[in-house]
Amino acid sequence: MRIVFGPFILDLDTRQVTRGGLEIHLTTKAFDLLGVLALDRPKVLSKAVLQERLWPATFVSEANLSNLIAEIRHALGDSAQAPEYIRTAHGVGYAFCRDAVVIGPRDLAVGNGSCWLEWDGHRLPLAVGAHVIGRDPDVEIRVDQSTVSRRHARLVVTTEGALLEAFVSKNGTFLGSERVSAPVPLTDGDAIRVGSVQMTFHVRASVASEETQLL
């Protein structure tokens, strides 16, 4: 099972956390803790529950747990004061506070050069990784239109699938006619709108089409 959140992929089967295809190191217990919190999101798990899951039938100091939380935050570039991924419920415990999407083995399979965006005569190949869409000159997919925010949305491409994630913007991000409020998976031919700009997502042969050929 893979859990995609922001630019990160948490692979519970291979026990890896990656960003843009690069592995991020976590100690064994820190990885276990991140997995527990991500699977139970957005529920707050008490310190007692977390200690029992990580160190069953073993007494450990609360400092061990707080040290693991600090390790995870450092690895993800998170902040205790303005948490994006791990939230502290003071006096209780911790919670995973970022929207996430679970990707299974039967979901869309993509890779470098196998998917792309089309809009206004442009065709942009999408490599594995995170691609921010916006008006800012430094983003990966620049759309110089007044209705598009500087950092408007993000496409996350993995070897398992592609996701569309909306940032806070005045004019919104839409998949078809539905406004995007949480990360959503993309399939071939999906219509995307950022501000007033219409785009189409494309992908070559998917797992689904290969299975159909075998029937």
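The model is predicted, so local features need pLDDT of at least 70 and side-chain atom pairs count only at pLDDT 80 or more, while totals for chains, interfaces and linings use all residues. Residues are numbered from 1 along each chain as its sequence is written, and side-chain values use heavy atoms, with hydrogens and water left out.

The protein chain holds four helices and 19 strands; these are DSSP runs numbered from the N terminus, with helices (H or I) of at least four residues and strands (E) of at least two. Of its 215 residues, 45% count as buried, where buried means under 20% relative accessible area, exposed over 50% and partly exposed in between (1.4 Å probe, protein chains only). Among contacts (heavy atoms within 4.5 Å) with a separation of 6 or more, 46% join residues 24 or more positions apart.

Cys115 belongs to strand 9 (residues 115–119) and counts as buried because its relative accessibility is 0%. In sequence Cys115 and Val203 are 88 residues apart, yet their C-alpha atoms are 4.1 Å apart in space. Cys97 has 33% relative accessibility and therefore counts as partly exposed. Zero disulfides, meaning pairs of cysteine sulfur atoms within 2.5 Å, are found in the whole structure.

Thr173 lies in strand 15 (residues 173–175) and is buried because its relative accessible area is 1%. Leaving aside residues up to four places away in sequence, Thr173 touches several others, including His152, Leu164, Glu178 and Arg193. With His152, the side chain of Thr173 makes a side-chain polar contact at 3.5 Å. Such a contact is a pair of N or O atoms within 3.5 Å; within protein, one must be able to donate a hydrogen and the other to accept it, and residues adjacent in sequence count only if both atoms are side-chain atoms.

Rolling a probe the size of a water molecule over the atoms shows where empty space is left. A pocket is an open set of points on a 1 Å grid over the protein atoms alone, where a 1.4 Å probe fits, with protein on both sides within 12 Å along at least five of seven lines; lining residues have an atom within 4 Å of a point. The largest pocket holds about 230 Å³, a volume being the space filled by probe spheres set on the points, which are joined across faces, edges and corners. Its lining has 17 residues, and Ile9, Thr18, Gly21, Thr158 and Thr159 are the closest to its centre.
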